[in-house]
Structure formats: structure tokens, C-alpha cells
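Here is a friendly walk through one protein model, from its overall make-up down to a few individual residues. Please keep the structure in view as you read.

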Amino acid sequence: MPSPEPARPVRSDARRNRDKLVAVARAAFATADGPVALEAVAREAGVGIGTLYRHFPTREALVEAVYAAELDDVTGNAAALLAELPPEQALRAWMDRYAAFVATKRGMGDVLRASVASGRIATPATRQRITAAIGTILDAGAKAGTLRAADPEDVTLLLLGVFLSTVDERDPERAGRMLDLILDALRVDR
């Protein structure tokens, strides 16, 4: 059997086009009330529909790429925030970033459910990564004496409850107030 051909490196212009498509799709999915037209994503990214389909042969492939990019950003953001802010402020900023991640998924709901059902997206792995990011911040806060030593999984479930209960909320600031309550519950009284 012949050895497989080595993968060709991705051209820089192809990488830029892919990154632009993902960025535009992220914004479109976050603000969409319904399905997002792939033609509109391609047009906004400044590429043709053929370029979109070369990178993402199906809507599902694009949604999964957006989801993966968002998950990488939100979970990787914890350490960066801790480097800049005290733990309690880092936690609140991270919660806002997580809220944006959940909002982005709003326009991808049906496709994400199908991807989860098919096993292409593993929800336990997603939850583990989210919980680990929360745990990183909670540990830093406990060491600093500013946050309680809470179970990160409990905090993950609290956050999910906030996002699920406010998804169709007419008061856009309610989720923020609820996140403030969670932070207040996690702060150590001085």
C-alpha cells in the first residue's frame, strides 16, 4: 500500500477566508432570530458562496466550526482574565463572555441539537471545559480569599439556569442582574 500523501499546508489566503467566514457567522448566529442565510455570511465575509462551501461543505460544518471557535475562546479566556483582573472581577467578566457564547448558539439551535444527537459535538466534553474554566477562577479567588471554595459544577449549573430562564426575556438586563446575584453569593464576606 502506498503511504498517504502528506497534508498540504493551508495557504494563508485560504486561512484568512476561513477565519473571516467563521467570524461573520459567529456574529450572524448571535443576532439571528431564525436561520442564517449562508449566502449572506459569504457576502459579508467578502467571498463567494463557493468559497464558503469549499471550507464548510454543509451548514452543519459551519455551525460546528463556529461552536468550536466560541468554545475555545470562552474556555481559554479564564486565564487571560485572571492575569488582568482580581478573581472576583475576572469571574464576572468571564460570566459575561460565557453569556455571549450562549447567545451565539441561539441562531444555531437546531443544527447544534442535531450535531449533539449525532455525536459530532460531545456535550460532556463541553461542560467539562466550561466547568474547568470556572474552577480555575474559583481556585484563584479562594487562594486570594475573595471567593468561596464552591463546586465549579454547581456554578456551571447556576449559570445554565440563568441562561435558560432568560433566553426569551423581554428585560435584556435581567440576565446581568442574575449573574450579579451569583457573584454576590460566591464572594467572601469581609
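## Ground rules

A residue is called buried under 20% relative accessible area, exposed over 50%, and partly exposed in between, using a 1.4 Å probe and protein chains only. This is a predicted model, in which local features need pLDDT of at least 70 and side-chain atom pairs count only at pLDDT 80 or more, while totals for chains, interfaces and linings use all residues. Residues are numbered from 1 along each chain as its sequence is written, and side-chain values use heavy atoms, with hydrogens and water left out.

## Overall make-up

The protein has 9 helices and 0 strands, where helices (H or I, at least four residues) and strands (E, at least two) are DSSP runs numbered from the N terminus. Of its 190 residues, 37% are buried.

Contact means heavy atoms within 4.5 Å. Among contacts in the protein with a separation of 6 or more, 69% join residues 24 or more positions apart.

## Where α1 meets α4

Helix α1 (residues 12-31) and helix α4 (residues 59-84) have axes that come within 9 Å and cross at roughly 85 degrees. That makes α1 roughly perpendicular to α4. Here axes are lines fitted to C-alpha atoms, for helices over the stretch in contact, and angles run from 0 to 180 degrees between N-to-C directions; under 35 degrees counts as roughly parallel, over 145 as roughly antiparallel, 65 to 115 as roughly perpendicular and the rest as oblique.

On the α1 side, the contact is made by R18, L21, V22, A25, R26 and F29, and on the α4 side by R59, L62, V63, A65, V66, A69, E70 and D73. These residues divide into 9 nonpolar, no polar and 5 charged.

## D72 in α4

Helix α4 also holds D72. Is D72 buried, exposed or partly exposed? D72 counts as partly exposed because its relative accessibility is 43%. D72 and I130 are 58 residues apart in sequence, and their C-alpha atoms are 9.8 Å apart in space.

## R92 in α5

R92 sits in helix α5 (residues 87-105). Its relative accessibility is 15%, so R92 counts as buried. Leaving aside residues up to four places away in sequence, R92 touches G176, L179, D180 and L183. A polar atom of the R92 side chain lies 3.1 Å from the backbone oxygen of G176.

Definitions and conventions: Ala, Val, Leu, Ile, Met, Phe, Trp, Tyr, Cys and Pro count as nonpolar, Asp, Glu, Lys and Arg as charged, and the others, Gly among them, as polar. A polar contact is a pair of N or O atoms within 3.5 Å; within protein, one must be able to donate a hydrogen and the other to accept it, and residues adjacent in sequence count only if both atoms are side-chain atoms.
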